[in-house]
Amino acid sequence: MPGSIRVAPILQRAVALHRAGQWAQAETLYRQVLAVDGEQADATHNLGAALAQQGHLSEALPYLMRALDLEPSRPKYWSVCIEALTASGKLAEAADVYRRLVALQPQLASAHHNLGLLLVRLGSHKDARSCFRNAIRLDPTLAAAHNNLGNLLKLEGRLEEAAASYRAAIAAAPQMAEAHGNLGVVLEQRGLLTEAESCFRKAIALSPDHPGIHRHLGAVLAEQGRTHEALEAFLRHARTVRAAAETEPQPHRIRHDQEQREYLGGAALDVLRLENGDRLPGSSIRPRSDAHAIAAQWQTGNPKLVVIDDLLTAEALEGLRRLCWGSTFWRSTFPNGYLGTLPEHGFAAPLLAQIGEDLRQAFPQIMGGHPLLQLWAFKYDSECAGTSLHADFAAVNVNFWITPDEANLDPQSGGLVVWDKAAPLDWDFARYNTDEAAIRAFLKQSDARAITIPYRANRAVIFDSDLFHETDRFRFRPGYTNRRINITYLYGWRAVGARG
């Protein structure tokens with residue numbers, strides 16, 4: 001007691017300095033208190049907190065842990081200690097502290113839930129699931145526990161159970177935008193597109209800038225064949241969620257960005273800018289006298305592949321060039337030496353939706369009732385290579401080029417190589433899209449034949465997306481507007497293994 005009387009004024013001054021943000025001065029006084037009374041719980045905890053706030057986490061942790069032994073009934077001691085352990089990357093130790101807390105207060109639902117969150121980060125999904133269920137048993141209104149249990153069930157492919165958990169989260173917290181969005185994702189994966197759309201729109205109404213929801217809405221709208229609405233949703237996503245800058249950009253990315261900044265007169269590239277891309281008053285596809293011959297070639301051909309020159313009208317081609325040269329949506333960097341853009345990056349201008357719709361109208365025998373599921377563009381560095389050998393997930397692939405022919409230094413190359421063998425339907429996406437060694441072995445065993453289509457501006461290659469294909473060798477002139485650009489539209493799902 002005498003020691004407590006002597007240290008009380010010092011502790012009070014330390015706490016006042018601590019609250020004022022004068023952590024180093026408070027630290028000195030806390031140490032004075034502990035020199036007199038080494039078991040003073042507040043001084044022990046507060047010294048650890050002051051050290052942590054100064055960035056001295058490794059020195060802070062023993063004090064924070066010691067305070068738990070001295071006074072385990074203080075909730076703040078537990079939360080600050082766990083926060084410091086987590087910030088230090090000591091997730092397993094933080095989980096052990098939560099286990100101590102659960103053992104002391106087994107009826108504390110939030111402790112079970114938060115332990116579950118740490119176990120998810122540690123990859124212990126089974127134990128995390130038990131924690132979330134315990135939290136729900138103790139407090140059925142804990143919406144976060146329902147939502148996080150749903151996340152684990154979704155990862156395990158237990159989609160109906162996941163949907164039930166998300167619905168329970170929504171019942172407990174109707175304004176929880178994340179739960180509405182998560183339910184929409186599960187319904188989308190189950191093919192319940194109308195219900196998924198409703199969930200995404202509810203999530204957006206609750207949280208207009210919630211990450212990813214506009215992108216998911218765009219995907220379900222696209223699958224319903226509502227191309228224009230889909231690209232509008234993707235564009236909203238691009239305007240609200242910008243990709244993080246690359247920490248170590250590759251040389252071809254650096255060259256491209258320098259060239260584009262010069263082309264744009266020094267404009268910043270980290271803000272989304274769309275150059276033109278408006279819809280045209282008429283069709284974007286040139287009228288064709290050979291449309292019936294193209295359809296017949298598609299229907300009878302083996303493999304299914306047609307080449308169409310002069311695909312776009314002059315206005316559409318020029319609009320696409322301005323869009324791809326002047327827009328700052330080139331967000332993906334590929335190691336082979338090219339950049340990519342997707343609708344969720346901003347490659348979602350109205351002109352792109354119009355072209356997607358006009359292609360279906362111009363070639364109904366090819367597109368059939370297939371919705372436009374995906375589109376992208378790639379822009380290549382003249383010093384590097386192109387896309388590797390792969391197949392895509394769709395039924396029909398429309399690939400066309402827009403860079404002027406004058407940029408191509410070898411008119412006999414620079415286009416696409418399509419093989420006359422399709423990806424086996426029992427191959428999953430990772431195998432037929434990225435496992436080049438397995439693909440080449442399959443093509444060799446199958447005596448596959450390569451079909452080379454040379455580059456031409458405004459030339460389209462339409463083919464069965466299951467056919468393996470790769471960029472042909474190319475040589476283009478240096479210079480920003482000489483960069484080879486191809487645009488791809490994918491229609492419909494491949495026959496097997498489409499989703500997931």
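**Salt bridges and cysteines**

Buried here is under 20% relative accessible area, exposed is over 50%, and partly exposed lies in between, using a 1.4 Å probe and protein chains only.

Some ground rules. This is a predicted model, in which local features need pLDDT of at least 70 and side-chain atom pairs count only at pLDDT 80 or more, while totals for chains, interfaces and linings use all residues. Residues are numbered from 1 along each chain as its sequence is written, and side-chain values use heavy atoms, with hydrogens and water left out.

Back to Glu197. Which residue does the side chain of Glu197 meet in a salt bridge? The partner is Arg226, at 2.8 Å from N to O. The two sit 29 residues apart and link distant parts of the chain: Glu197 belongs to helix 12 (residues 193-206), and Arg226 to the loop between helix 13 (213-223) and helix 14 (227-240). Helices (H or I, at least four residues) and strands (E, at least two) are DSSP runs, numbered from the N terminus. Arg226 is partly exposed, with a relative accessible area of 24%.

A salt bridge, for the record, is a side-chain nitrogen of Lys or Arg within 4 Å of a carboxyl oxygen of Asp or Glu. How many does the structure hold? There are 29 salt bridges.

Another one pairs Arg201 with Glu229, at 4.0 Å from N to O. This pair also links distant parts of the chain, with Arg201 in helix 12 and Glu229 in helix 14, 28 residues apart. Arg201 counts as partly exposed at 36% relative accessibility, and Glu229 counts as partly exposed at 31%.

Further along, Arg449 and Asp420 form a salt bridge of 3.8 Å, N to O. Arg449 is partly exposed, at 46% relative accessibility. Salt bridges can also share partners: Arg129, Glu156, Arg158 and Glu161 are joined that way into one network.

Now the cysteines. A disulfide is a pair of cysteine sulfur atoms within 2.5 Å, and the structure holds 0 of them. Cys81 is buried, at 0% relative accessible area, and Cys131 is buried at 8%.
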